[in-house]
Amino acid sequence: MMKITVLYGHPTHPGAFEDYYANTHLPLAAKIPDVARFEASRVVGTPDGSEPPYYRIAELWFESQETLEGAMGSPEGQETVADIPTFATGGATVVISAVD
């Protein structure tokens with residue numbers, strides 16, 4: 001199992017981010033083929049009470065590296081990735097990991 005994790009930095013305007021994320025970006029992401037599992041979460045804190053380094057986290061699971069590559073290379077995957085700079089004013093870090 002492989003996973004893409006998107007770590008969104010704190011946006012300039014959280015309300016605008018949330019509106020765009022819910023109404024435009026998530027519907028794009030929902031069209032990516034062969035996603036085995038998707039989870040989106042809003043970061044609400046840290047163990048020591050300091051400001052979290054990220055605002056939101058999105059995780060997309062795939063059955064294999066080949067499935068991930070095919071999905072993200074698809075027109076839907078490419079459109080979703082290209083959309084991130086449109087609304088992620090706090091930046092976004094994307095990592096790919098093998099799930100143990």
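# Helix packing and selected residues in a predicted model

Helices H1 and H3 are roughly antiparallel to each other, because the angle between them falls over 145 degrees. The structure described here is a predicted model. Helix H1 covers residues 14-29 and helix H3 covers residues 75-87. This briefing takes up the helices and their contacts, then a set of individual residues in helices, strands and loops.

**Helix H1 against helix H3**

- H1 and H3 pack at an angle of about 170°, and their axes lie 10 Å apart.
- On the H1 side, the contact is made by Phe-17, Tyr-20, Tyr-21, His-25, Leu-28 and Ala-29, while H3 contributes Glu-79, Thr-80, Asp-83, Ile-84, Thr-86 and Phe-87.
- Sorted by class, the residues of this contact between H1 and H3 comprise seven nonpolar, three polar and two charged.

- H1 has a kink of about 45°, and the kink is centred on Tyr-21.
- The end C-alpha atoms of H1 span only 20 Å, whereas a straight helix of 16 residues would span 22 Å at 1.5 Å a residue.
- The buried residues in H1 are Phe-17, Tyr-21, His-25, Leu-28 and Ala-29.
- The partners against which the buried residues of H1 pack are strand E1 (2-8), strand E2 (37-42), strand E3 (56-62) and helix H3.

- Apart from neighbours within four places in sequence, Thr-80 is in contact with His-25, Leu-28, Ala-29 and Ile-32.

**Helix H2 and its contact with helix H3**

- Helix H2 is formed by residues 65-73.
- H2 and H3 pack at an angle of about 70°, with 4 Å between their axes.
- The two helices H2 and H3 are therefore roughly perpendicular to each other, a description that applies from 65 to 115 degrees.
- Ala-71, Met-72 and Gly-73 of H2 meet Pro-75, Gly-77, Gln-78 and Val-81 of H3.
- This contact of H2 with H3 includes four nonpolar and three polar residues, and no charged residues.
- Glu-66 is also located in H2, and with a relative accessibility of 60% Glu-66 counts as exposed.
- The C-alpha atoms of Glu-66 and Pro-52 are separated by 33 Å, although these residues are 14 residues apart along the chain.

**Leu-7 in strand E1**

- Leu-7 is placed in strand E1, one of the strands against which the buried residues of H1 pack.
- The relative accessible area of Leu-7 is 16%, so Leu-7 is buried, under the 20% cut-off.
- Not counting residues up to four places away in sequence, Leu-7 touches Tyr-54, Arg-56, Ile-57, Gly-91, Ala-92 and Thr-93.
- Leu-7 and Glu-39 are 32 residues apart along the chain, and their C-alpha atoms are separated by 12 Å.

**Residues in loops**

- Tyr-54 is situated in the loop between E2 and E3.
- With a relative accessible area of 27%, Tyr-54 is partly exposed.
- When neighbours within four places in sequence are left aside, Tyr-54 is in contact with Leu-7, Tyr-8, Gly-9, His-10, Val-43 and Thr-93.
- Thr-93 is also touched by Leu-7.
- A separation of 9.3 Å lies between the C-alpha atoms of Tyr-54 and Val-44, which are 10 residues apart along the chain.
- Asp-34 lies in the loop between H1 and E2, and its relative accessibility of 55% makes Asp-34 count as exposed.
- Asp-34 is not a glycine, yet it has a positive phi of about 65°.

Methods
Residues numbered from 1 in each chain as written. Predicted model: local features only at pLDDT ≥ 70, side-chain atom pairs only at ≥ 80, totals over all residues. Heavy atoms only, no water. Axes fitted to C-alpha atoms, helices over the stretch in contact; angles between N-to-C directions. Parallel < 35°, antiparallel > 145°, perpendicular 65-115°, else oblique. Contact = heavy atoms within 4.5 Å. Nonpolar A, V, L, I, M, F, W, Y, C, P; charged D, E, K, R; others polar. Expected span 1.5 Å × (residues − 1). Bend = angle between axes of the 7 residues up to and from the residue. Buried < 20%, exposed > 50% of the residue type's maximum accessible area, 1.4 Å probe, protein only.
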